[in-house]
Amino acid sequence: MDIASYLAEKRMLINEALARFIPPSKELHHTVVEAMRYSLFAGGKRIRPILCISGWEAAGGGDAAVMPFACALEMIHTYSLIHDDLPGMDDDDLRRGVPTCHKKFGEAAAILAGDALLTEAFYLMTDPRLYPGLDPARLLGAVNIVAERIGYRGMVGGQMVDVESEGKESSLELVQFIHRKKTAEFIQASVVSGAYLAGASSDDLSAFARYGLHLGLAFQIRDDILDVVGESRIMGKPQGSDKIHHKVTYPSAVGLDRSRQSEEAEIREAIRSIEHMNSRSDPLKAIALYLLEREH
Ligand code: IPE
Ligand code: IPE
Ligand code: MG
Ligand code: MG
Ligand code: MG
């Protein structure tokens, strides 16, 4: 299949929907909306919402019913990037090819824009009017899947350990914990929530969960590799930030060659997890192969 066109098409639909969900504001609080929109529409691969839609499709879901949920995941992701870049976190100046949110709007607006994006995501995920024909109990279950993996048990917990580990000796065990928590579990939740909304069986949900976790691990290994060998111009974010901040990363733990081998192994495992599924899961398989070679 032509995965580049598939991704471009989905990205366009997601961007259109996001623009509808967060329009510009003329209210007194417009600054926070401008900061939210600035970071949300600066670019971004939209991998998490695409995985949600592809998971939904793989599990037999029809037309565009999952779109608000998918958009909510991109809002959560964008919040995590805004906060990740703050001076007290990774202290980065460039994101999605433009100055980071706090550089453009100041720290207070960046913190609030992140808070507002996270909250808005839950507003979107839990509005049953946006999901006509969908059993609200399913919506509740999907929200629970996401919430479990983005808070202290998942992404926030991983971010805490990431920041606390700066300057420490890198071990494979430590970097694998950080990767799983800060990145892989949210990516896993993206595909699993989509499949859950479409009514996937528990066997299939387990398979999607294995796929998502391996894909997420590969995704962060690649991110760490690109921080060493990537080009800032292509990535839209600084190269070498991890080294400057003495981060515990895959390359710092095992070197570049073994990092590349591990990335490949995780991608292979991801694909293997859903190999037995029918052709509706082809996009998920193609996405895994596509991400293996990504340069941004
Ligand atoms: C960057 O995520 C942060 C990580 C978890 C590695 P992406 O690489 O998906 O960033 P965007 O959304 O394309 O900007
Ligand atoms: C970020 O990891 C993970 C998040 C939860 C945002 P990084 O700090 O490596 O992500 P980049 O490289 O800044 O995008
Ligand atoms: Mg970070
Ligand atoms: Mg960072
Ligand atoms: Mg990084």
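How far is an oxygen atom of ligand 2 from an N or O atom in the side chain of aspartate 223? The distance is 3.1 Å. The model is predicted.

**Ligand 2**

- The surroundings of ligand 2 consist of Ser80, Asp84, Asp90, Arg95, Met155, Gln159, Lys182, Thr183, Gln220, Asp223 and Lys237.
- By class, this shell holds 6 charged, 4 polar and 1 nonpolar residues.
- In the side chain of aspartate 90, an N or O atom is 2.7 Å from an oxygen atom of ligand 2.
- For the side chain of glutamine 220, the distance from an N or O atom to an oxygen atom of ligand 2 is 3.5 Å.
- On its own, ligand 2 has 390 Å² of accessible area, and the protein covers 91% of it.
- At least two residues of the shell around ligand 2 come from each of helix 4 (67-84), helix 8 (155-164), helix 9 (172-197) and helix 10 (202-229).

**Ligand 1**

- Around ligand 1 are Gly44, Lys45, Arg48, His77, Leu81, Arg96, Thr183, Phe219, Gln220, Asp223, Lys237 and Arg294.
- The shell around ligand 1 is made up of 6 charged, 4 polar and 2 nonpolar residues.
- Lysine 45 has a side-chain N or O atom 2.7 Å from an oxygen atom of ligand 1.
- For histidine 77, a side-chain N or O atom is also placed 2.7 Å from an oxygen atom of ligand 1.
- Arginine 48 has a polar side-chain atom 2.8 Å from an oxygen atom of ligand 1.
- The protein buries 88% of the 400 Å² that ligand 1 exposes when taken alone.
- Helix 4 and helix 10 are the elements that give two or more residues to the shell around ligand 1.
- With 3 residues, helix 10 gives the most to this shell.

**Largest pocket**

- The largest pocket contains about 820 Å³ of space.
- It is lined by 45 residues, of which His77, Leu81, Arg95, Asp223 and Lys237 are the closest to its centre.
- By class, the lining of the largest pocket has 19 charged, 13 polar and 13 nonpolar residues.
- Elements that each supply at least two residues of this lining include helix 3 (47-58), strand 1 (94-95), helix 11 (232-235) and helix 12 (241-244).
- Helix 4, helix 8, helix 9 and helix 10 are also among the elements that each supply at least two residues of the lining.
- Helix 10 gives the most to the lining of the largest pocket, namely 6 residues.

**Largest cavity**

- There is 1 cavity of 30 Å³ or more.
- About 80 Å³ of space lies in the largest cavity.
- Its lining has 13 residues, and those nearest the centre of the cavity are Ser39, Ile82, Asp85, Arg95 and Cys101.
- Two or more residues of the cavity lining come from each of helix 2 (30-40), helix 4 and strand 2 (98-99).
- Helix 4 provides the largest share of the cavity lining, with 3 residues.
- The lining of the largest cavity divides into 7 nonpolar, 3 polar and 3 charged residues.

Technical notes
Residues are numbered from 1 along each chain as its sequence is written. Chains are lettered from A and ligands numbered from 1 in the order in which they are written. This is a predicted model: local features need pLDDT of at least 70, side-chain atom pairs count only at pLDDT 80 or more; totals for chains, interfaces and linings use all residues. Side-chain values use heavy atoms; hydrogens and water are left out. A residue is near a molecule or strand if one of its heavy atoms lies within 4 Å of it. A polar contact is a pair of N or O atoms within 3.5 Å; within protein, one must be able to donate a hydrogen and the other to accept it, and residues adjacent in sequence count only if both atoms are side-chain atoms. Accessible areas come from the Shrake-Rupley method with a 1.4 Å probe; for residues, only the protein chains shown count as cover. Helices (H or I, at least four residues) and strands (E, at least two) are DSSP runs, numbered from the N terminus. Ala, Val, Leu, Ile, Met, Phe, Trp, Tyr, Cys and Pro count as nonpolar, Asp, Glu, Lys and Arg as charged, and the others, Gly among them, as polar. On a 1 Å grid over the protein atoms alone, a cavity is a set of points where a 1.4 Å probe fits but cannot get out, and a pocket is an open set with protein on both sides within 12 Å along at least five of seven lines; lining residues have an atom within 4 Å of a point. Grid points are joined across faces, edges and corners, and a volume is the space filled by probe spheres set on the points.
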